[in-house]
Amino acid sequence: MQNKPLPDMPPSMQMDEDQFGRWAALLEERTGIHLSERRRSFLISSLNIRMRELGLDDYEAYFQYLTTGTRGAVEWEILVDRLTVHETRFYRDDQALSVVRRHAREWLEQHAGERERFELWSVGCATGEEAYSLAILLDDLFTRSGSQAYLGITATDVSTASLSAGRKGLYHRNRIKNLPEALQSHYFESVDEQHVQVIPALQQRVCFMRQNLLELEQARMGQMDIIFCQNVLIYFPRERRLQILDYLVEHLKPGGLLVLGAGEIIDWQNPHVYSESFQGVLAYRRVAQEFGA
Ligand SMILES: C[S@@+](CC[C@H](N)C(=O)[O-])C[C@H]1O[C@@H](n2cnc3c(N)ncnc32)[C@H](O)[C@@H]1O
């Protein structure tokens, strides 16, 4: 059954129900992201742009191309980057950053003088702004406190293109204007009139890795003091969100904190964590001592 042409789309770009269902199912199977009917035109235009680049003019031919062999696997990396939303910015959520700061201060008090490791995981880090914001906040805090602790940030995403942008650490000047000036000049070097570069000392603190949230049971991730997961769960159906959260808890150290975006989940319960939400930030702390452990 052919749909009525959408007003902003030529008839050659139309996609029938079966085709839409097939593409949406492929995306859901491989990334967990549920593509609602409202996003049909986004799917169609993303596919058409990519098909034009490849010289293909038929959805079926592109589907075959994408789902066959090594060439298809490489192509999938490109397409998934186009189909996922990478909107992000430095210091995006002040309240959540305050929660991180408070938790890190508490940790520093408890581990004063120790050479312990403090590990944070930025889940769905997109092009790195979130991970570097957290690295800046923590590096600044740890340096001021004179701590000898090792500070490490792991930043993961499903999109390899986003990860390589994060690794580069090169941003337009406009992107860092949310940061206090002292932090801008301390943590970024000027490249040219338009761009700045994250300083190597901060880059070394952040390790960018590919990790699909659908494959968390195989994640080779260590135990974290903070897991920061914002604006990612919203793209998954509820059942999948609950599953992801349960896996994330397994990677929290006792007493560690899981920080989510406001309203990203309701009625989630896990026996290993308790709610520590405040000031509009959804956060859960892993119990410090598990009975019977
Ligand atoms: C809107 S961005 C959020 C960026 C950042 N967390 C923030 O709040 O600014 C969502 C990110 O989730 C990533 N993502 C989507 N599905 C994923 C999956 N199955 N596994 C890992 N990352 C995924 C996307 O590639 C995208 O970079």
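Student: What makes the numbers here reliable enough to discuss, and how are residues counted?
Tutor: In this predicted model, local features need pLDDT of at least 70 and side-chain atom pairs count only at pLDDT 80 or more, while totals for chains, interfaces and linings use all residues. Residues are numbered from 1 along each chain as its sequence is written, and side-chain values use heavy atoms, without hydrogens and water.

Student: How do you know that the span of α4 agrees with that of a helix?
Tutor: A helix is a DSSP run of H or I with at least four residues. The expected span is 1.5 Å times one less than the number of residues. For the 15 residues of α4 (69–83) that gives 21 Å, and the end C-alpha atoms are 21 Å apart, so the two agree.

Student: Which residues of α4 are called buried?
Tutor: Buried means under 20% relative accessible area with a 1.4 Å probe, protein chains only. Gly 72, Glu 75, Trp 76, Leu 79, Val 80, Asp 81 and Leu 83 are buried. These buried residues pack against α1, α2, α3 and α7, where contact means heavy atoms within 4.5 Å.

Student: Why is the largest pocket said to lie between domains?
Tutor: Domain bounds come from an automatic or database assignment. Domain 1 (11–83) and domain 2 (94–286) both give residues to the lining, so the largest pocket lies between them.

Student: Where is the lining of the second largest pocket drawn from?
Tutor: α5 (94–110) and β8 (252–260) each supply at least two of its residues.

Conventions:
Buried < 20%, exposed > 50% of the residue type's maximum accessible area, 1.4 Å probe, protein only.
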